[in-house]
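Student: Could you walk me through reading a structure, one feature at a time? I would like the general idea before each case.

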Amino acid sequence: MTTTVRDIRTISLPDLEALLLSWNEPRFRARQLYEWLWAKGATDWDAMTNLPKPLRQRLRETFTFHILRAEVVQRSADGTMKTRWLTHDDHRIESVLIPVPEDGRYTVCVSTQVGCSLTCSFCATGRMGRKRNLTAYEIYDQVVLVNRQCQEAYGHALTNVVYMGMGEPLLNYANTLESVRRLTAPPPEGLGMGAHRITISTAGIAKMIRQLADDGYRSNLALSLHAADDAKRNTIMPINETNHLEALMQALEYFYARTHNRISYEYIAFERFNDTLEDAARLVRLCRRRFPVRVNIIEYNPIEGASFEKSDENRLNAFAAYLANHGVTVTVRRSRGKDIDAACGQLANK
Ligand code: SF4
């Protein structure tokens, strides 16, 4: 018979207190331990220096303590850093640190699944298939560990977290939400980040967008739109066949009515596919629903074997100008980290 050793981070603070009291430890030890496990993001037992050595030893013998290990860290010429993490069961996932010191913004882009079950045609992750969901603490740990990298490399803590890495967050719903709860919870429970600093990005699952609203989600939501009509969107994002634009718009209206949280559309510009002025006009219509929305136009980064090309500069500017002239709040995001395959749609554990 095999017995499974429990991971220490599946245990709540009250249960840790009960356990340590049964080991004749004072109650405050549980809080110290809990703080190491979460707010302080310890990466091994020995880091927990205010716990007596015999207690650390007993914990080590009783529990496992899974943590992500950095396997490869790459730094782009523009300062973007991509880390490939190894999970305890030898899966690989990636996070990207995007520093913009001139704006005081230090953003981490985190993964929520190993691979992805959706098959967006422009995305390298989608080609991997989905291997498994990440646990809440594997998502949370990416933020804690990249925060450390950010402080070491840039002398600044992370300011923003975006759930735009590998995987579809709303298809790993419970773990995604629990990781957000941890990030916003004050110590010892979590990092105490402001809810408005966090954005979940989804390919568009109407039912789960409504669920977020019903569950009292307090952070921002980004819809990866990439095409403003169903026929085009179906060809690049098969999820649109079952979650068409009208269903998504109604879900976003519901979301906004209940939460008043910030909504944005992400729109990768593909040369002569979705960057015409007719496309821009359709996009304007999607910005006139019953919620305020801003549009982030993203430069495309070609991946191997995909048939798209990035929009040329003039087309991109004309597209953005059309939106702005029609009252849409629009930002053009130049891609970062291209030289290390860290840009949008490029994460694939190469
Ligand atoms: S774009 Fe996002 S949802 Fe689509 S395949 Fe890639 S990781 Fe999955």
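Predicted model: local features only at pLDDT ≥ 70, side-chain atom pairs only at ≥ 80, totals over all residues.

Student: Let's begin with the overall layout. Into which domains is the protein divided?

Tutor: Domain 1 covers 8–62 and domain 2 covers 69–340. Taken over C-alpha atoms, the centres of the two domains are separated by 35 Å. Their contact draws on 10 residues from domain 1 and 13 residues from domain 2.

Student: Now the rings. How many aromatic pairs does a search of the whole structure find?

Tutor: The search finds 12 aromatic pairs. To read one, look at the distance between ring centres and the angle between planes; an angle under 30 degrees counts as stacked, over 60 as edge-to-face, and the rest as tilted. Tyrosine 106 and tyrosine 154 have ring centres 6.0 Å apart and planes at 45 degrees, so this pair is tilted.

Student: Where do these two tyrosines lie, and why does the pair tie parts of the chain together?

Tutor: Tyrosine 106 belongs to strand β4 (residues 105–109) and tyrosine 154 to helix α4 (residues 136–154), so the pair ties together parts 48 residues apart in sequence. Tyrosine 106 is buried, with a relative accessible area of 6%, whereas tyrosine 154 is partly exposed, at 23%.

Student: What is the geometry of the pair phenylalanine 122 and phenylalanine 270?

Tutor: Their ring centres are 5.6 Å apart and their planes are at 45 degrees, so the pair is tilted. This pair links distant parts of the chain, 148 residues apart: phenylalanine 122 is in the loop between β5 (113–115) and β6 (130–133), and phenylalanine 270 is in the loop between β10 (263–269) and α9 (277–286). Both phenylalanine 122 and phenylalanine 270 are buried. Ring pairs also join Phe122, Phe270, Phe273, Tyr300 and Phe308 into a cluster.

Student: Rings can have charged neighbours too. Which lysine lies over the face of phenylalanine 273?

Tutor: That is lysine 232, at 5.7 Å from the ring centre. Lysine 40 lies over the face of tryptophan 36, at 4.1 Å from the ring centre.

Student: Which residues are around the ligand?

Tutor: The residues around the ligand are Cys116, Leu118, Cys120, Cys123, Thr125, Gly126, Gly167 and Ala203. Sorting them by class gives 5 nonpolar, 3 polar and no charged residues.

Student: How do I read a helix such as α9? Which of its residues are buried?

Tutor: The general idea comes from helix geometry: with 3.6 residues a turn, residues three or four places apart point the same way in an α-helix. In α9, the buried residues are Asp279, Ala280, Ala281, Leu283, Val284 and Leu286. Their cover includes α7 (230–236), α8 (245–259), β10, β11 (294–299) and α10 (313–325).

Student: And single positions? Is lysine 82 buried or exposed?

Tutor: Burial is read from relative accessible area, and under 20% means buried. Lysine 82 has 4%, so this residue is buried. Lysine 82 sits in strand β2 (residues 81–86). Beyond its neighbours within four places in sequence, the contacts of lysine 82 include Glu94, Ile340, Asp341 and Leu347.

Student: Where is glycine 216?

Tutor: Glycine 216 is in the loop between α6 (206–214) and β9 (220–224). With a relative accessible area of 45%, glycine 216 is partly exposed. Its C-alpha atom is separated by 22 Å from that of valine 110, which is 106 residues apart from glycine 216 along the chain.

Methods
Residues numbered from 1 in each chain as written. Heavy atoms only, no water. Phe/Tyr/Trp six-rings, centres within 6.5 Å; stacked < 30°, edge-to-face > 60°. Helix = DSSP H or I, 4+ residues; strand = E, 2+ residues; numbered from the N terminus. Buried < 20%, exposed > 50% of the residue type's maximum accessible area, 1.4 Å probe, protein only. Lys NZ or Arg CZ within 6 Å of the ring centre and 35° of its normal. Near = heavy atom within 4 Å. Nonpolar A, V, L, I, M, F, W, Y, C, P; charged D, E, K, R; others polar. Domains from an automatic or database assignment. Contact = heavy atoms within 4.5 Å.
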